[in-house]
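I opened this notebook to keep track of what I looked up, chain by chain and residue by residue. The entries follow the order in which I went through the structure.

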Amino acid sequence: MSGKPLSEKKATGGQLIIPVAAILFTLYYFSTIWNSPFEAQVAAFFVGTILLVLSLTFIVKRLWQWKRGEINLAFDDLLGERTMRLRRLILFCLTLGFVVLIEILGFTITTFLFLASAMLLLGQGRHFDRAIGIAFGAAIGGYLLFILAFETRFPAGPFENFMTSVVGG
Amino acid sequence: MIVDWAVLAEQFLHSFSMWWVIIPAIFLGLIVGAIPGFSAANTIIILLPLTLAVEVEIGLIFMVALYCSSRMGAGVPAILVNIPGTAGAAATPLDGYPMAKAGKGAQALAISFVASTAGGIITTIIALLTLPWLAKIGYVMHSVEMIVVMLFGISLIATIAARDTLRGLIAGFFGLMIGAIGADHIYATPRGTMGFLELYDGIPLIPALVGLFAISEAFMFIEGRSILSKEGRARMMISSWGATIEGLKITAQRWWHVVWTSIIGLVIGVVPGAGAAIASFVAYQQSKTFSKTPELYGTGHPEGLIAPESANNGVTAGTLIPLLVLGIPGGATAAIMLVVMQYHGIQMGPRLFMSTPDIAYGMIMAMLVTYLFMAFTILPLSRYMSRVTLVSTNYMAPLVIAFTLVGAFVPREYMFDMGLALVFGVIGYVARRTGYHVSAILIGVILGPLLEQYFLRAMRIAQGDPWFLFSSKLGNLLWICLILSMLIPWLMNRRREAPSRGDAT
């Protein structure tokens with residue numbers, strides 16, 4: 001593994017994630033159809049086999065380049081700018097929290113909490129009033145437009161239940 | 001079924017007098033089309049009590065207008081923030097978004113609006129004049145022909161993969177594999193569902209669309225203060241009406257492109273179940289195939305934007321044809337229209353044109369008038385809508401994540417679908433970061449189950465004989481067209497390269 005110094009080699013480790021995931025998923029998929037009737041297997045075996053061949057070819061190609069010292073297998077290509085990594089991770093956790101909490105707190109409260117915290121996170125705490133104002137406006141606007149006007153069945157929580165008891169419907 | 005010109009003229013003028021129904025429906029359609037999860041079909045279902053309560057004519061005109069404008073609305077976020085409002089606009093950002101990033105958002109929107117409107121008008125007129133013949137397409141398109149149409153769509157994967165063949169194909173086939181999740185169409189055997197009952201019906205399209213495009217894009221664009229490049233921002237700041245007029249001119253210069261790509265949409269729209277997503281991908285692929293500058297596709301080329309937008313609006317007219325002539329709805333929205341008509345005791349099929357020609361021709365005329373109104377009401381908005389790209393990503397990213405995730409919940413009202421959208425968001429993010437095209441994954445997810453369905457049906461009819469795929473005249477003609485559409489770009493490339501090779505020696 002000679003070639004260029006490590007810092008000059010292009011980081012391509014992240015490129016292996018999709019092929020590896022594709023291989024694992026295809027093998028899992030095959031395991032679920034192994035005892036199925038022919039009709040349930042034929043298309044999946046056809047597509048899956050091609051996907052396995054393509055993915056393995058890509059992985060072997062990258063490993064060959066790595067062995068010849070042309071690339072390194074770090075994940076810098078996936079993680080992006082160093083300064084943004086922590087913020088992106090926290091934003092992902094906030095998004096996960098949004099998905100989990102919306103069932104309990106309902107659309108309006110969860111949306112407000114998510115928007116306010118995410119906007120403050122991305123703005124690094126600057127423009128506090130503006131972030132809170134936009135989050136409040138968007139959450140209430142969303143409630144008025146989608147739930148009240150369009151009568152869309154968004155996840156309901158304490159706020160929606162209270163408003164239903166006030167305005168009826 | 002002879003076209004009665006007097007009835008047509010009367011209906012045309014009458015449709016204009018219904019402006020008070022059409023214009024609000026246009027704006028409502030524009031909004032619901034732009035938000036993932038809020039398709040025209042969902043909105044019409046929500047407003048069903050209203051459409052059933054009013055006169056049938058008003059209800060139908062309202063639905064038609066909302067349906068047409070929602071198609072155009074879906075292209076707006078696709079161009080400005082790389083988030084298609086519906087799967088029908090999934091091919092729009094391929095060239096629309098690079099234009100917006102370069103500060104040509106107003107121009108791209110103007111191109112999209114003009115292509116959509118012109119495509120809609122052209123196909124509505126064609127539909128009106130050829131109703132009886134077009135309706136037969138639905139009869140002659142069987143499993144074999146549909147397999148070839150699907151392959152036309154899938155061949156776009158190869159087009160996208162052209163820049164990095166291996167990664168493009170991996171993305172496309174990964175999408176096809178994901179699209180195969182769910183119970184099979186004959187024995188209902190669950191496959192690849194990981195034990196989730198919510199996946200037995202297959203991968204729902206809206207969470208996939210939201211995750212692959214919206215969530216992943218939001219996580220990408222937080223790296224900059226704006227989604228615009230530095231030059232793009234500077235251009236956007238000085239953007240004037242000139243950009244809109246320029247967009248108009250660009251589309252007018254490519255009028256023939258609008259015509260033939262919208263006809264692709266019309267023909268595919270006539271086939272029940274095919275839909276706007278397939279039409280727009282097929283149109284994009286064909287547009288690139290026959291272009292003199294295929295290398296510009298994907299970099300913000302106007303023709304790459306015109307093709308999907310004309311085609312997905314061509315589908316709207318196509319969807320109405322089997323509904324009106326045969327009583328077979330060509331899509332979800334047409335099915336709801338059928339419900340409304342049946343509720344009012346209107347008999348569908350050929351008798352419709354004899355018993356209630358005002359309803360039959362009225363719906364198509366309403367579509368034509370809607371497109372004419374759209375040209376004057378929406379086009380001037382392009383300059384102002386494009387300002388969205390100037391909003392700081394600090395605010396844009398959280399808004400996109402919150403509202404599109406909730407949009408993923410709306411169609412089936414499963415909390416599971418929000419989680420699924422997040423999973424697709426992660427896949428989309430990894431794909432974008434590492435050079436795999438999310439559009440190729442989405443094409444696979446959309447077309448995979450359809451292809452399998454038609455393939456299994458064909459195999460069952462043929463009792464496993466694969467030669468059945470070449471047993472129909474129309475099918476064979478389509479096979480030839482498919483092979484030619486793959487061969488022609490290769491031959492043209494060779495022809496282009498030949499003189500340069502000659503110069504080199």
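Entry 1, a leucine in chain B. I began with B:Leu368, which sits in helix α20 of chain B, and I noted before going further that the model is a predicted one. Leaving out residues up to four places away in sequence, I found B:Leu368 touching B:Phe12, B:Ile121, B:Thr124 and B:Ile125. I also looked up its separation from B:Thr51, which lies 317 residues away along the chain, and the two C-alpha atoms are 20 Å apart.

With a relative accessible area of 3%, B:Met363 is buried. Its contacts, again without residues up to four places away in sequence, are B:Leu60, B:Val64, B:Leu320, B:Leu323, B:Leu324, B:Met337 and B:Met341. For B:Pro449, which is 86 residues from B:Met363 in sequence, I read a C-alpha to C-alpha distance of 32 Å.

I counted 25 helices and two strands in the secondary structure of chain B. The radius of gyration of chain B is 22 Å, close to the 23 Å that the globule rule gives for 505 residues, so I wrote chain B down as being as compact as a globular protein of that length. Taken along the principal axes, its C-alpha atoms fill a box of roughly 70 × 60 × 55 Å. Of the 505 residues, 63% are buried, and among the contacts between residues at least 6 apart in sequence, 80% join residues at least 24 apart. Chain B exposes about 18,400 Å², of which carbon and sulfur atoms supply 68%. For the charges, I noted 28 positive and 24 negative ones in chain B, with mean positions 9 Å apart.

From the N terminus on, I read the elements of chain A as β-α-α-β-α-α-α-α, which is six helices and two strands. Its radius of gyration is 24 Å, well over the 15 Å that the globule rule gives for 169 residues, so chain A is more spread out than a compact globule. The box filled by its C-alpha atoms is roughly 70 × 55 × 20 Å along the principal axes. I found 44% of the 169 residues counted as buried, and 62% of the contacts between residues at least 6 apart in sequence join residues at least 24 apart. Chain A exposes about 9,100 Å², with 70% of that supplied by carbon and sulfur atoms. Its 14 positive and 10 negative side chains have centres that lie 13 Å apart.

I looked up A:Thr12, which is in the loop between β1 (10-11) and α1 (17-33). A:Thr12 is buried, with a relative accessible area of 2%, and beyond residues up to four places away in sequence it touches A:Arg62, A:Ile71, A:Asn72, A:Leu73, A:Ala74 and A:Asp77.

I found zero disulfides over all chains. Are A:Cys93 and B:Cys68 buried or exposed? A:Cys93 counts as partly exposed at 45% relative accessibility, whereas B:Cys68 counts as buried at 0%.

How values were computed: Residues numbered from 1 in each chain as written. Chains lettered and ligands numbered in written order. Heavy atoms only, no water. Disulfide = S-S within 2.5 Å. Buried < 20%, exposed > 50% of the residue type's maximum accessible area, 1.4 Å probe, protein only. Helix = DSSP H or I, 4+ residues; strand = E, 2+ residues; numbered from the N terminus. Rg over C-alpha atoms; globule rule 2.2 N^0.38 Å. Contact = heavy atoms within 4.5 Å. Areas by Shrake-Rupley, 256 points an atom, 1.4 Å probe, with all protein chains shown as cover. Lys, Arg positive; Asp, Glu negative; His and termini not counted. Charge placed at Lys NZ, Arg CZ, Asp CG, Glu CD.
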